[in-house]
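Here's a quick briefing to keep open beside the viewer. Have a look at the chain first, then work down the notes.

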Amino acid sequence: MIRPAFRQLILALGSMLLAGSALATPGTLIRAAELKADAFVDAANLGNLTADTPLTVLEGKGGWSKIRTADGKTGWVRLLNVRIAAASGDGNALATLGNVVRTGTTQGAATTGVKGLSKEDLAKAQPNLREVAKLDGFRARPADVSRFATSRKLTAREIAELNP
C-alpha cells in the first residue's frame, strides 16, 4: 500500500514534469526552410522561412520541430534547421526540469550529427592528435583477431567484390 505522503510526492513530481514539458524553448532557424503543416516531407507548405528567423520550439516529433515564429506563424520544420538558444542558467528549477523532459539533459539542447556547425567551422576544424593516438589503443591486433576467430571456429573465405 502506498503511503499518502508518498502518493502526494509522486503527484507533485508528475505535475512538475507536465508543466516543464509545456515550456517553450527559444531558438533560431539556421538556414532557410519550408514551414510545413505537419511533421512530414509531403505535408502542405505553409510558407518559406529565411535563415536567422527567431522562433520558439513548441514540441518535437522525430526529426521535426513544431515552431512558432515571432509574427505568430506556427508549423513544422526539420529539426536540423533549428538552433536552440543556450540555457540561461537563471537557476529556475522548473525550467531545468523542462529541459530534462524535452532533451533528457539539464542543458538547453540535444544535438544530432553536426547540427549547428557551419561550413566555416568545419573548414577551420583541426584534428586532436592526442585523441587520435588514443584511438590507436582500440585497434585490433592481428594476433588478437586470429585468436578470436579460432575460438569462434571462424574460417577465412574469399568473397567476390560487389559492384553496386
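Asp 71 and Lys 73 pair up in a salt bridge in this predicted model, with 4.0 Å between the closest N and O atoms. Asp 71 also has a polar contact with the side chain of Thr 69, which makes this stretch a handy place to start.

**Around Asp 71**

- The polar contact between the side chains of Thr 69 and Asp 71 spans 2.3 Å.
- Leaving out residues up to four places away in sequence, Thr 69 touches Leu 49, Thr 53, Pro 54 and Leu 55.
- Gly 72 is in the loop between E5 and strand E6 (74–78), and with 45% relative accessibility it counts as partly exposed.

- Is Ser 65 buried or exposed? Its relative accessibility is 4%, so it counts as buried.
- Beyond its neighbours within four places in sequence, Ser 65 has quite a contact list: Val 57, Glu 59, Gly 60, Gly 75, Trp 76, Val 77, Leu 79 and Val 82.

**Other salt bridges**

- How many salt bridges does the structure hold? The count is six, and Asp 71–Lys 73 is one of the pairs.
- Side chains of opposite charge can pair when their charged atoms come close.
- Asp 38 and Lys 61 form another salt bridge, with their closest N and O atoms 3.8 Å apart.
- That pair ties together distant parts of the chain, 23 residues apart: Asp 38 is in the loop between strand E2 (33–36) and E3, and Lys 61 is in strand E4.
- Both ends are partly exposed, Asp 38 with 30% relative accessibility and Lys 61 with 44%.
- Asp 136 and Arg 139 also meet through their side chains, at 2.9 Å from N to O.
- In that pair, Asp 136 is partly exposed with a relative accessible area of 38%, whereas Arg 139 is exposed at 53%.

**Helix H4**

- Helix H4 runs over residues 129–136 and is hardly covered.
- How many of the eight residues in H4 are buried? The count is zero.
- At the start of H4, a side-chain oxygen of Asn 128 comes to within 3.2 Å of the backbone nitrogen of Arg 130.

**Positive phi outside glycine**

- Asp 52 has a phi near 70°, which is a positive value in a residue other than glycine.
- You'll find Asp 52 in the loop between strand E3 (45–49) and strand E4 (54–61), and it counts as exposed because its relative accessibility is 61%, over the 50% cut-off.
- Lys 153 is another non-glycine residue with positive phi, here near 60°.
- Lys 153 lies in the segment after helix H5 (142–151), and it is exposed, with 74% relative accessibility.

- The protein averages a pLDDT of 78, and 66% of the residues score at least 70.
- Over residues 17–21 the pLDDT is below 50, and this stretch has eight contacts in the model beyond near neighbours in sequence.
- Residues 99–106 also stay under 50 in pLDDT, and the model gives them 16 contacts beyond four places in sequence.
- Where pLDDT is low, the predicted coordinates should not be read in detail.

How values were computed:
Residues numbered from 1 in each chain as written. Predicted model: local features only at pLDDT ≥ 70, side-chain atom pairs only at ≥ 80, totals over all residues. Heavy atoms only, no water. pLDDT = per-residue confidence, 0-100. Contact = heavy atoms within 4.5 Å. Helix = DSSP H or I, 4+ residues; strand = E, 2+ residues; numbered from the N terminus. Buried < 20%, exposed > 50% of the residue type's maximum accessible area, 1.4 Å probe, protein only. Polar contact = N/O pair within 3.5 Å; in protein donor to acceptor, adjacent residues only side chain to side chain.
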